[in-house]
Amino acid sequence: MDSIAGQKPAVVWALNISVVVLVLLWIFPTLGLFVSSFRTGDQITASGWWSSMFPAEQVLQIRAADPDDNRVDIGNGRYAVEGNLFGEEGLQGTMNAWGTSSRALGAYEPGETADLGDGETMTLQADGSYVWEGNDDQISGRAQRVFVTATQPPDFTFANYNFVLFDENNSEGMARAFLNTLTVVIPATIIPILVAAFAAYALAWMDFPGRALLIAAVVALLVVPLQLALIPLLSLHNAIGIGKGYLGVWLAHTGFGLPLAIYLLRNYMVGLPRDIIENAKVDGATDFQIFTKIILPLSFPALASFAIFQFLWTWNDLLVALVFLIDASGETTVMTRQIVELLGTRGGDWEILATAAFVSIAVPLVVFFAMQRYLVRGLLAGSVK
Amino acid sequence: MHPALQGVITIIVGVGGCIGYFYFANLFLDKVLFPARGPNIGRNINRANMIRPWVFLFPAMFALGLYLAYPVVETIRLSLTERLPGGEYRFVGLENYQFMFAEAKFWEAMRNNLLWLIVVPAASTGFGLLAAQLTDRLRWGNIAKSIIFMPMAISLVGAAVIFKLVYEARPEDVAQIGILNHLYLLFGGSEPQQWLQIPFWNNIFLMIVLIWIQTGFAMVILSAALRGIPEETVEAAIVDGANPFQIFFKIKIPQIMGTIVVVWTTITIATLKVFDIVFAMTNGQWETQVLANYMYDKLFRANDWGVGSASAMIIMLMVLPILVWNVYNARKEMR
């Protein structure tokens, strides 16, 4: 088999390169958002995220210290201001050139002295220390502008995450939405599993009239668009007094998740060895005992697969939450909803958007990479059959 | 009460309720209703065993009926009625459908949905097949697969934000921060484009988001199918002097055709219901409306339940052939 692609080095190279291209295409969009969430708003608008990974040449505009407060009389009617342009932190990176006018940004090397006319001079060292000299008139009023061209190393910050998650004054924060999402997801994942497991066992291992029909019904309901359920169920919830709220969204997710749960679990349980079950029956075990003591533990992989599906689906859901959960007060907003709101109100503030989006993406990604095996297994069981 | 606490209580009540229901219903069946003792012991055991499946099935059937089957019927009814002020309904026959068919926005949504239905499943399956075949023999194939599969875990809303950044356009004289415009200018484009505002093509840019998500799904399943192909068939082809392309198209593809169809239909269903992407990225402006978003507009913005339900029925009708096909296949398999 390997001989198809395994022998000619050129083919192997072409293969590797095309997969690299494919992988890059697939990871670039996410990477862009991820990198952006660690940059300040100014950095994001100043340059594309792809250039933030490398040292970049940037022009910084800095003013010398205020001459009226800081000038020193050095005799002969001349005054001087001394100090360091970069303050106490110093410059991140190295200074390549500097200038005093926006028309000649890189006119001088570090260490050179610039002649500003009529005896006014400015000397700037590579470490940012400067001496600005001139007469009474020149060293007063507004301080001299200096344009520093510097190569700066990549610079990233956690400030966005702090702002989005922990800033109490931020009314558009994600902390509450995060908790709300969690509150929706956990019961909505656990409850359908139990309900479905019993039903799947009955459909797989118990004989009764109408079984085939019920299985067909489950297969049919698998693809019924949940859009159909929105208005009828919302009216129903209102009529029986649940209204919009967590209880409603938990019930809705349970209902919508059941067909897949029953289908996946039944397919798995049907494949369990018949001998075990029949032996247990001969030994006098009841169906209930067989289910709880044998089937449930053996079905763990299928249970895990469905749990991941349901978790991802409820965590990422927008529509069901919009319809069944989020009321006019907005107290119960979930993360997906919060992000859509931010897209409307903060459309250009990429540092906020990127961070908020990543907060909501992070948890499913962790689950995905940790449980990928079960996810794949579930996918295969759910669709190839 | 704090929602988190409420959540914990719900889990306990829900899980405890489920376990309690199954346990006590069984107990009731075996000890009280049809006790396995006394003169009718044989008949009782048989009766208990006839009823037990329904005890196991009841909660699931009840939830399925209430949350999926009942809404289908109710939606048909709503689509044929008009809601009057004061909570009354009036039967209007097909008026809602007539109103909908007369609306340009509906036909725009139909056209776009059909476009989505053609492009997304085809492209996702195609890319998935390509990725599955290319990564199959690579040493780092599993890592590559993980990365292509990863978008599956990302919400459609998250993906919408991700691609908004990709498509971002800035004025011509400042640095571009969207990579698409950056590349566009790099390769000779004249000025930055607002990709999501160019009618017709913006549909394609929205579809790319879903293709990006669904390709991983297609790849995982097709990759498993490719591995299931008997090696002898491929070896025989090599011996006969087939080149790699012939092997792929003439030996492998025909053998996994069944799986390709399954993948295609699964993605078709996901595509039919596409809502979040359009809702978050364009909200149907610039001629990007799709049926699910049109329906949401009608139901919750215009508050017109009749037309909203009618458009939901259109989605249902489009799903119906796949539904019948799935049921047919499932029944065939069970025999």
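**Figure 1. The loop between α7 and α8 of chain B, with B:F200.** In this predicted model, B:F200 sits in the loop that runs between α7 (179-186) and α8 (201-227) of chain B. B:F200 is not a glycine, yet its phi is positive, at about 70°. Most residues other than glycine have a negative phi. B:F200 counts as exposed because it has 12 C-beta neighbours inside 10 Å, and a residue with 12 or fewer is classed in this way.

**Figure 2. The loop between α12 and α13 of chain B, with B:E287.** The loop that holds B:E287 lies between α12 (276-281) and α13 (291-301) of chain B. B:E287, a residue other than glycine, has a positive phi near 60°. With 17 other C-beta atoms within 10 Å, B:E287 is partly exposed.

**Figure 3. Helix α9 of chain A and its kink at A:L258.** Helix α9 of chain A covers residues 246-270, 25 residues in total. From first C-alpha to last, the helix reaches 35 Å, close to the 36 Å expected at 1.5 Å a residue. A kink of about 40° is found at A:L258, shortly before the proline A:P259. α9(A) is mostly covered, with 22 of its 25 residues buried.

**Figure 4. The contact between chain A and chain B.** Chain A and chain B each contribute 92 residues to the contact. On the side of chain B that touches chain A, helix α2 (residues 41-79) of chain B provides the largest share, 18 residues. Sorted by class, this side of chain B has 68 nonpolar residues, 17 polar residues and 7 charged residues.

**Figure 5. The fold of chain B, with its helices and strands.** Chain B has 14 helices and 2 strands. Its radius of gyration is 27 Å, well over the 20 Å that the globule rule gives for 335 residues, so chain B is more spread out than a compact globule. Along the principal axes, the C-alpha atoms of chain B fill a box of roughly 90 × 70 × 45 Å. Of the 335 residues in chain B, 41% are buried. Among contacts in chain B with a separation of 6 or more, 64% are between residues 24 or more positions apart.

**Figure 6. The domains of chain A.** Chain A is divided into domain 1 (3-53), domain 2 (56-152) and domain 3 (163-383). The centres of domain 1 and domain 2 of chain A, taken over C-alpha atoms, are separated by 42 Å.

Notes: Residues are numbered from 1 along each chain as its sequence is written. Chains are lettered from A and ligands numbered from 1 in the order in which they are written. This is a predicted model: local features need pLDDT of at least 70, side-chain atom pairs count only at pLDDT 80 or more; totals for chains, interfaces and linings use all residues. Domain bounds come from an automatic or database domain assignment. Two residues are in contact if their C-beta atoms, placed from the backbone, lie within 7 Å. Helices (H or I, at least four residues) and strands (E, at least two) are DSSP runs, numbered from the N terminus. Ala, Val, Leu, Ile, Met, Phe, Trp, Tyr, Cys and Pro count as nonpolar, Asp, Glu, Lys and Arg as charged, and the others, Gly among them, as polar. The radius of gyration is taken over C-alpha atoms; the globule rule is 2.2 Å times the number of residues to the power 0.38. A residue is buried if 20 or more other C-beta atoms lie within 10 Å of its own, exposed if 12 or fewer, and partly exposed in between; C-beta atoms are placed from the backbone. The expected span of a helix is 1.5 Å times one less than its number of residues. The bend at a residue is the angle between axes fitted to the seven residues ending there and the seven starting there.
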